[in-house]
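Here are my notes for when you open this one up. Have the picture beside you as you read, and take the points one at a time.

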Amino acid sequence: MSDVSFVVNGKRVSGAAEDRTLLVHFLRENLGLTGTHVGCDTSQCGACVVHVDGKAVKSCSMLAVQASGSTVVTIEGLANGADLHPVQAAFKEHHGLQCGFCTPGMIMTATDMIARHPEGLDEATVRTELEGNICRCTGYHNIVKAILAASKTMAKASKGRAKQAA
Amino acid sequence: MYSVNYHRAASVADAAKLVKSGDAKLLSGGMTLIPAMKTRLAAPSDLVDLSRIKELQGVKVSGKTVTIGAATTHYDVANDEKLRKACPAFAHLASLIGDPAVRYKGTIGGSVANNDPAADYPAALLALGATIVTNKRQISAAKFFTGLFETALKDGEIITAVSFTAPAKAAYEKFRNPASRYAIVGVFVAKGKDGVSVAVTGAGDDGVFRSKEIEAALAKNFAASALDGVKVSAKNLMTDLHASADYRASLIAVMAKRAVAAANA
């Protein structure tokens with residue numbers, strides 16, 4: 001057993017966990033954050049993607065104790081109260097989900113992808129960058145549309161903020 | 001996953017001590033080891049986490065000499081500006097490993113120590129005549145990769161860095177398995193002051209190897225056309241459900257051609 005302590009969605013949490021506990025299980029079972037899903041359990045599908053220290057990683061391929069001391073953001077930590085995060089809003093608007101199982105991982109991957117491409121995204125880039133996220137409903141078309149739309153909205157918003165700051 | 005004891009190493013010296021406990025294994029990005037433990041293909045008693053050791057992280061380029069810390073992630077290798085100038089083929093290779101989430105965690109030292117027969121880095125290191133630096137000694141890539149998942153590393157020996165001289169020209173071309181994204185065949189070509197070397201991953205029965213046929217054809221003329229009609233022997237190549245040895249042999253020539261064209265572009 002080890003003491004695991006990190007900041008999850010802005011809140012400091014700690015608890016004891018067996019060293020073999022995967023981060024995804026700690027999030028779901030110890031913290032009740034069941035938005036992060038276990039899809040394939042073989043680190044291929046990306047349903048478990050969360051942000052650890054600002055990077056989108058697969059929480060089923062990482063021990064909870066490895067993340068101790070880190071800052072973790074899950075799908076539950078994206079929205080600002082009742083206001084959806086722009087990527088969540090775009091998935092809703094463009095119907096970027098069918099059954100919804102892969103959606104938390106898709107959205108966490110998408111927010112990371114958009115942050116890494118401040119110059120903007122094109123369809124080919126989005127499709128390549130989604131190679132670690134699998135949608136069993138094969139609803140990729142609208143997922144890609146949603147990510148492209150969110151990337152535009154967020155670029156506009158950050159330009160707006162830059163103007164205000166100037 | 002079986003029960004395991006986790007230790008976070010503060011330094012290489014600390015890790016070298018910790019790895020002596022029980023049946024311990026070194027943990028870096030964990031992108032191979034953790035999935036292997038989940039399926040119980042690996043069951044170490046202890047894990048020694050190297051990923052937070054600062055001295056193992058980062059890319060240094062001084063003149064033509066490139067040194068990459070063992071705990072540098074694929075993401076950091078792919079995006080290092082100095083490396084992209086000194087040896088763009090190497091940075092590009094890193095950007096082709098796994099998927100974005102895997103590249104954030106997986107490290108060059110972990111990949112090299114694991115020596116998966118379809119891993120990308122071994123091809124680059126062998127073709128570049130790289131040196132693998134451990135906490136005990138320096139090993140040339142030619143002596144380091146000894147077989148399928150086998151290396152010259154002794155028990156408890158820790159890779160600290162890899163280093164190589166940036167070549168005049170180089171490129172990596174990879175024919176991916178569309179599902180796993182691993183190389184069915186990957187070919188790294190390099191042209192430096194010691195001539196042309198060509199290393200192949202994904203195809204060899206014994207893991208990464210240098211293709212003498214391709215090297216001979218390119219030695220006189222480093223051009224894609226020099227490989228017209230060159231036959232690669234299927235002897236000692238892998239046959240599995242993805243590709244036969246003959247198909248892999250054919251792909252080696254095709255990928256080598258593309259790599260030479262890219263290196264000359």
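**Notes on the two chains**

1. Strands here are DSSP runs (E, at least two residues), helices are H or I runs of at least four, and both are numbered from the N terminus. Before going on, note that this is a predicted model, where local features need pLDDT of at least 70, side-chain atom pairs count only at pLDDT 80 or more, and totals for chains, interfaces and linings use all residues. Residues are numbered from 1 along each chain as its sequence is written, while chains are lettered from A and ligands numbered from 1 in the order in which they are written.

2. Strand β6 (residues 131–134) of chain B runs antiparallel to β10(B), and four bridges join them; Thr131(B) has Ser163(B) as its bridge partner in β10(B). Strand β5 (residues 65–69) of chain B also pairs with β10(B), in the antiparallel sense over five bridges. There, Ile68(B) has Val162(B) as its bridge partner. Two strands count as paired if DSSP finds at least two bridges between them.

3. Now the whole sheet. Its five strands come in the order β4-β5-β10-β6-β7 (chain B), and it is open, with antiparallel pairing. At the edges stand β4 (59–62) and β7 (138–140) of chain B, each with a single partner strand, so one side of each has no neighbour in the sheet. On average, neighbouring strands are turned by 20° against each other, direction ignored. (Axes are lines fitted to C-alpha atoms, for helices over the stretch in contact, and angles run from 0 to 180 degrees between N-to-C directions.)

4. Is strand β10 (residues 159–165) of chain B largely enclosed or left open? Five of its seven residues are buried, so the rest of the structure largely encloses it. Buried means 20 or more other C-beta atoms within 10 Å of a residue's own; exposed means 12 or fewer, and partly exposed is in between, with C-beta atoms placed from the backbone.

5. Next, the largest nonpolar core. It has 144 residues, and Val189(B), Ile252(B) and Ala256(B) have the most contacts inside it. Such a core is a set of buried Ala, Val, Leu, Ile, Met, Phe, Trp, Tyr and Cys residues joined through C-beta atoms within 7 Å. Helix α11 (residues 245–264) of chain B provides the largest share of this core, nine residues. Leaving out residues up to four places away in sequence, Ala256(B) touches Val187(B), Val189(B), Val198(B), Ile214(B) and Leu227(B). Touching, or contact, is a matter of C-beta atoms, placed from the backbone, lying within 7 Å.

6. Over to chain A, which has an open sheet of five strands in the order β2-β1-β5-β3-β4, with mixed pairing. Its edge strands, β2 and β4 of chain A, each pair on one side only. Here neighbouring strands are turned by 40° against each other on average, direction ignored. β1(A) runs parallel to strand β5 (residues 71–73) of chain A, joined by two bridges, and Val8(A) has Val72(A) as its bridge partner in β5(A).

7. Which residues of helix α1 (residues 23–30) of chain A are buried? They are Leu23(A), Val24(A), Phe26(A) and Leu27(A). Seen down the axis of α1(A), they fall within an arc of 165°, so they line one face of the helix; the arc is that of the directions from the helix axis to the C-beta atoms. The elements covering them include β1 (2–8) and β2 (11–17) of chain A.

8. Two residues other than glycine have a positive phi worth a look. Asn9(A), with phi near 50°, is in the loop between β1 and β2 of chain A and is partly exposed, with 17 other C-beta atoms within 10 Å. Asn115(B), with phi near 45°, is in the loop between α7 (108–114) and α8 (121–127) of chain B and is buried, with 22 such atoms within 10 Å.

Notes:
Contact = placed C-beta atoms within 7 Å.
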